[in-house]
Amino acid sequence: MLALLIVQLGHSQKILTWFTLGTTLSGEDPARPGFYQPIFSPELEKYNGQEVILTGYVIPVDFSNNTYALSKTPFANCFFCGKAGIETVVGLRFKNRQSKFLVDQFIVVKGILRLNKHPNGDFIYYLENAELHG
């Protein structure tokens with residue numbers, strides 16, 4: 001019985017891949033000409049509001065506000081440097097204050113995925129209540 005419970009708990013989170021995040025397209029926001037609006041695939045929409053696990057490279061955004069981003073690629077190749085798209089970075093909102101991460105530290109994190117349909121210059125994805133996993 002305990003083994004069954006452990007197996008079920010192990011499957012409660014869904015593993016989210018950068019490939020799935022990469023299915024997001026970008027189009028002009030009809031309500032705000034000149035601003036982009038992400039167009040999330042039906043597959044990705046299924047993850048919205050779900051607890052997921054994601055791996056990536058940490059980009060500290062603001063240590064004092066405990067604000068971090070998780071990138072598909074190391075900092076030198078990430079969205080902030082112009083070599084990748086907005087779909088390759090996820091904002092992290094940690095459940096508990098984190099000690100400082102190193103730039104490009106590879107982590108496994110779990111949290112609730114939130115799709116930001118009207119980013120207005122913000123991240124298009126967030127992991128809320130994020131915690132290190134594993």
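From the N terminus on, the elements of the chain follow the order α-β-α-β-β-α-β-β-β-β-β. That order comprises 3 helices and 8 strands. Helices (H or I, at least four residues) and strands (E, at least two) are DSSP runs, numbered from the N terminus. The model is predicted: local features need pLDDT of at least 70, side-chain atom pairs count only at pLDDT 80 or more, and totals for chains, interfaces and linings use all residues. Residues are numbered from 1 along each chain as its sequence is written, and side-chain values use heavy atoms, with hydrogens and water left out.

Of the 134 residues of the chain, 37% count as buried. Buried means under 20% relative accessible area, exposed over 50%, and partly exposed in between (1.4 Å probe, protein chains only). The accessible surface of the chain comes to about 7,800 Å². Carbon and sulfur atoms hold 58% of this surface. These areas come from the Shrake-Rupley method with a 1.4 Å probe; for residues, only the protein chains shown count as cover. Contacts (heavy atoms within 4.5 Å) were also counted along the chain. Among those with a separation of 6 or more, 59% join residues 24 or more positions apart.

The next topic is the interior. A nonpolar core is a set of buried Ala, Val, Leu, Ile, Met, Phe, Trp, Tyr and Cys residues joined through side-chain atoms within 4.5 Å. The largest such core has 23 residues. Leu44, Leu113, Tyr125 and Leu127 have the most contacts inside it. Two or more residues each come from helix 2 (18-21), strand 4 (51-62), strand 5 (67-71), strand 6 (89-94), strand 7 and strand 8. Strand 7 gives the most, with 4 residues. Leu44 touches Leu16, Thr20, Leu21, Thr23, Thr24, Leu113, Leu115 and Tyr125, not counting residues up to four places away in sequence. Another core, of 5 residues, lies apart from the largest one. Its members include Ile59, Val89, Phe123 and Tyr126.

Aromatic rings were examined next. A pair of rings is described by the distance of the centres and the angle of the planes. Rings of Phe, Tyr and Trp (its six-membered ring) pair if their centres lie within 6.5 Å; planes under 30 degrees apart count as stacked, over 60 as edge-to-face and the rest as tilted. The count by this rule is 6 aromatic pairs. Tyr68 and Phe101 form an edge-to-face pair, 5.1 Å centre to centre, with 85° between the planes. This pair links distant parts of the chain, 33 residues apart. Tyr68 is in strand 5, and Phe101 is in the loop between strand 6 and strand 7. Tyr68 is buried, at 1% relative accessible area. Phe101 is buried too, at 7%. The ring centres of Phe123 and Tyr126 are 5.5 Å apart and their planes stand at 90°, so this pair is edge-to-face. Both Phe123 and Tyr126 are buried. Tyr68, Phe94 and Phe101 form one aromatic cluster. The charged end of Arg93 sits over the ring of Tyr126, 3.6 Å from its centre. For this, NZ of Lys or CZ of Arg must be within 6 Å of the ring centre and within 35 degrees of the ring normal.

Two loop asparagines complete the picture. Asn116 is in the loop between strand 7 (106-115) and strand 8 (125-132). Asn116 counts as buried because its relative accessible area is 19%. Beyond residues up to four places away in sequence, Asn116 touches Pro38, Phe40, Asp122, Phe123, Ile124 and Tyr126. Asn66 lies in the loop between strand 4 and strand 5. Asn66 is buried, with a relative accessible area of 11%. Its C-alpha atom is separated by 6.7 Å from that of Gln98, 32 residues apart along the chain.
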